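Visitor: I am new to protein models, and I would like to learn how to read one. Could you take me through it step by step?

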Amino acid sequence: MKKEERALALHVLRQVGWLKDYSSALAENLVAEGSLVRLNTGEWAQAEGDDRSGLFVVIEGVLHSYCAAPGDKEVMIGLAGAGSVLGHATRFSGGPRLVTAVCVEPCILLEISEAALERVAECQPEIWRAIAGFAYANMRSAVRMAAEVISLRPRERIAARLLAAADGHRATVMEPTPIIRLSQELLGEMTGLTRKTVNVHLSAFERDGLIEVGYGQISLCDLERLRAVANG
């Protein structure tokens, strides 16, 4: 791993929420034991049903996550930006991977194998608590998405998903105007709505100054007002 690549990986890991309560040495050991993987647009980081264990931490770029749906369909369920974690550790979750993750732009991932995690745990067993923490956060996000589909009206549901997508783009959360790399069709998949319905509400949001719609992306111009819409 080159010096500048190591520095970038360390910078990302030191910023992520799931490591914030632990010493910087934990991030350093994860980088030392891991290896960087570069993927191009359209390449898969992992596939649903893959039985390979270990973690991928997104260092740079954005991926879309898909899962199988009835009728042999693949439905988009989320986005993963810098700091997000893909995969699982078999210590907590056996079985195959649950989603397919596809790069929507060139990506750099830190791959940490199961064996590498065990080596880190020999001197820093708190790594297992950190992993349990982000696993819980991922589960909470999935439950929230299901609750939105069940309980929110289309306008509220779309606003809630845009805000969740901004959180998925973790590198852009601190920007004054987060830009989400997401088409209207994919937003429809995530909300269980038709593209036409999504278009109607996005157009209304844009007229009100909440967002700006571009080709394959949506800029969130007023996060507070979007939150007000999502909260009904």
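This is a predicted model: local features need pLDDT of at least 70, side-chain atom pairs count only at pLDDT 80 or more; totals for chains, interfaces and linings use all residues.

Visitor: Let me begin with the helices: how are helix H6 and helix H7 placed relative to each other, and at what angle do they cross?

Guide: Two packed helices are described by the angle between their axes and the distance between the axes. Here the axes of H6, residues 184-191, and H7, residues 195-207, come within 8 Å and cross at roughly 105 degrees. Angles of 65 to 115 degrees count as roughly perpendicular, and H6 and H7 are therefore roughly perpendicular to each other.

Visitor: Which residues of H6 and H7 meet?

Guide: On the H6 side they are Gln184, Glu185, Leu187, Gly188 and Thr191, and these meet Arg195, Val198, Asn199 and Leu202 in H7. Sorted by class, the contact of H6 with H7 has three nonpolar, four polar and two charged residues.

Visitor: Next, the nonpolar cores: which residues of the largest one touch the most other members?

Guide: The largest nonpolar core has 30 residues, and within this core Leu162, Leu202, Phe205 and Ile211 touch the most other members. Strand S5, helix H5, H6, H7, strand S11 and helix H8 each supply at least two residues of this core, and the largest share, seven residues, comes from H5. If we leave aside residues up to four places away in sequence, Phe205 touches Arg155, Ile158, Ala159, Leu162, Leu210, Ile211, Leu226 and Val229. There is also a second, separate core of 27 residues, which includes Val31, Ala116, Trp128 and Phe134.

Visitor: Now the sheets: in what order do the strands of the four-stranded open sheet stand?

Guide: In a regular strand the side chains alternate between the two faces of the sheet. The order in this open sheet is S1-S8-S3-S6, with antiparallel pairing. Strand S1, residues 35-39, and strand S6, residues 85-88, stand at the edges with a single partner strand each, so one side of each is left without a neighbour in the sheet. From one strand to the next, the twist averages 25 degrees.

Visitor: How is S8 joined to S1?

Guide: Five bridges join S1 to S8, residues 107-112, and the two run antiparallel. The bridge partner of Leu36 in S8 is Leu110, while Leu39 has Cys107 as its partner. S8 also pairs with strand S3, residues 54-60, in the antiparallel sense over five bridges, where Phe56 is partnered by Glu111 of S8. Five of the six residues of S8 are buried, so S8 is largely enclosed by the rest of the structure.

Visitor: Which strands form the three-stranded open sheet?

Guide: That sheet has the order S9-S11-S10, and its pairing is antiparallel. Strand S9, residues 179-180, and strand S10, residues 211-214, are the edge strands, each with a single partner strand, so one side of each lacks a neighbour in the sheet. Two bridges join S9 to S11, and Ile180 stands opposite Ile218 in S11.

Notes:
Residues are numbered from 1 along each chain as its sequence is written. Side-chain values use heavy atoms; hydrogens and water are left out. Axes are lines fitted to C-alpha atoms, for helices over the stretch in contact, and angles run from 0 to 180 degrees between N-to-C directions. Angles under 35 degrees count as roughly parallel, over 145 as roughly antiparallel, 65 to 115 as roughly perpendicular and the rest as oblique. Contact means heavy atoms within 4.5 Å. Ala, Val, Leu, Ile, Met, Phe, Trp, Tyr, Cys and Pro count as nonpolar, Asp, Glu, Lys and Arg as charged, and the others, Gly among them, as polar. A nonpolar core is a set of buried Ala, Val, Leu, Ile, Met, Phe, Trp, Tyr and Cys residues joined through side-chain atoms within 4.5 Å. Buried means under 20% relative accessible area, exposed over 50%, partly exposed in between (1.4 Å probe, protein chains only). Two strands pair if DSSP finds at least two bridges between them.
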